[in-house]
Amino acid sequence: MNKSRVGTAIVTWLSFLGLYMLFCGKADPLEAVAGGAAALLALKLVGMLRDSFISPLRVKPTWLLLVWRLPAAMFSESWLLMVTLIRELRGKESTGVTIEHPFEFLADRHESARRAWMTFGVCITPNSYLVFVDRERRQVVIRQLVGREISTIDRLFVELS
C-alpha cells in the first residue's frame with residue numbers, strides 16, 4: 001500500500017468521523033468510539049464500491065441547461081402538493097400514479113452520467129421519484145404523487161440524448 005492511499009484513507013476516515021460527531025451533536029468519548037467504528041465501516045464500503053465506479057461521469061454541457069428549469073419546477077410541484085394536501089384535509093381524495101416511461105440505454109461514454117443525471121432530475125422535484133430502472137425492458141418506473149402523467153421536467157431528464 002503506498003503512502004498516498006494511506007493518507008487518503010486517513011483523511012476520508014477523519015471526514016466520516018467528523019460528520020458523525022457533527023450529527024450526534026455532543027463530544028462524548030463513547031460517541032467518538034461509535035463514530036470511529038461507523039467511519040471505519042463507511043470507509044470499507046466506499047473501498048468496496050470504488051471498483052464499481054472506475055469510469056468518470058461524463059456529463060454533456062447541454063444537460064446542464066436543464067438546471068435552470070429546476071427552481072420553477074420545484075416551486076410549481078410544491079404548490080401542486082400543497083393544494084392537494086389542503087384538498088385531502090377537506091376530505092377530497094386524490095391518488096398518484098406509477099408511470100413506466102421508455103429510457104434509452106445508449107452504450108456510449110455518457111451512459112453512467114445519463115443515468116445519474118436522470119435520477120437526479122426525477123428525484124429532486126417533490127412530486128415524483130424514481131422507483132426502478134429496468135434495463136431489460138428499456139424503461140424507468142416513476143412514482144408521481146399527484147397527477148396522471150409524467151411532468152415536463154421529469155420527461156426532459158428521462159429523455160436525455
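## Basis

In this predicted model, local features need pLDDT of at least 70 and side-chain atom pairs count only at pLDDT 80 or more, while totals for chains, interfaces and linings use all residues. Residues are numbered from 1 along each chain as its sequence is written, and side-chain values use heavy atoms, with hydrogens and water left out.

## Sheet

Three strands form an open sheet in the order 1-3-2, with antiparallel pairing. Strands (E, at least two residues) and helices (H or I, at least four) are DSSP runs, numbered from the N terminus; two strands pair if DSSP finds at least two bridges between them. Strand 1 and strand 2 each have a single partner strand, so one side of each is left without a neighbour in the sheet. On average, neighbouring strands are turned by 25° against each other, direction ignored.

Six bridges join strand 1 and strand 3 in the antiparallel sense. His101 stands opposite Val140 of strand 3. Helix 4 packs on the sheet and touches strand 2 and strand 3, and its direction makes about 150° with that of strand 2. Axes are lines fitted to C-alpha atoms, for helices over the stretch in contact, and angles run from 0 to 180 degrees between N-to-C directions.

## Nonpolar cores

A nonpolar core is a set of buried Ala, Val, Leu, Ile, Met, Phe, Trp, Tyr and Cys residues joined through side-chain atoms within 4.5 Å. Buried means under 20% relative accessible area, exposed over 50%, and partly exposed in between (1.4 Å probe, protein chains only). The largest core has 11 residues, including Val97, Ile99, Phe103, Phe105, Met118, Val122 and Ile142. Strand 1 (97-102), helix 4 and strand 3 (139-144) are the elements that give two or more residues to this core. Apart from it lies another core of nine residues, among them Leu70, Trp117, Phe157 and Leu160.

Beyond its neighbours within four places in sequence, Ile142 is in contact (heavy atoms within 4.5 Å) with residues including Val97, Ile99, Val122, Leu130, Ile150 and Val158.

## Aromatic pairs

The structure holds three aromatic pairs. Rings of Phe, Tyr and Trp (its six-membered ring) pair if their centres lie within 6.5 Å; planes under 30 degrees apart count as stacked, over 60 as edge-to-face and the rest as tilted. Phe103 and Phe105 form an edge-to-face pair, at 5.0 Å centre to centre and 85° between the planes. Phe103 is buried at 1% relative accessibility, and Phe105 is buried at 10%.

The ring centres of Trp117 and Phe157 are 6.0 Å apart and the planes stand at 50°, so this pair is tilted. Trp117 belongs to helix 4 and Phe157 to helix 5 (residues 152-158), 40 residues apart, and the pair links distant parts of the chain. Both residues are buried. Ring pairs link Trp117, Phe120 and Phe157 into a cluster.

## Two loop residues

Thr125 is in the loop between helix 4 (111-124) and strand 2 (128-134). With a relative accessibility of 1%, Thr125 counts as buried. Its side chain makes a polar contact with the side chain of Asp154 (3.4 Å). A polar contact is a pair of N or O atoms within 3.5 Å; within protein, one must be able to donate a hydrogen and the other to accept it, and residues adjacent in sequence count only if both atoms are side-chain atoms. Not counting residues up to four places away in sequence, Thr125 touches Leu70, Ala73, Met74, Glu77, Ile153 and Asp154.

Arg138 is in the loop between strand 2 and strand 3. Its phi is near 55°, a positive value in a residue other than glycine. Arg138 is partly exposed, with a relative accessible area of 38%.
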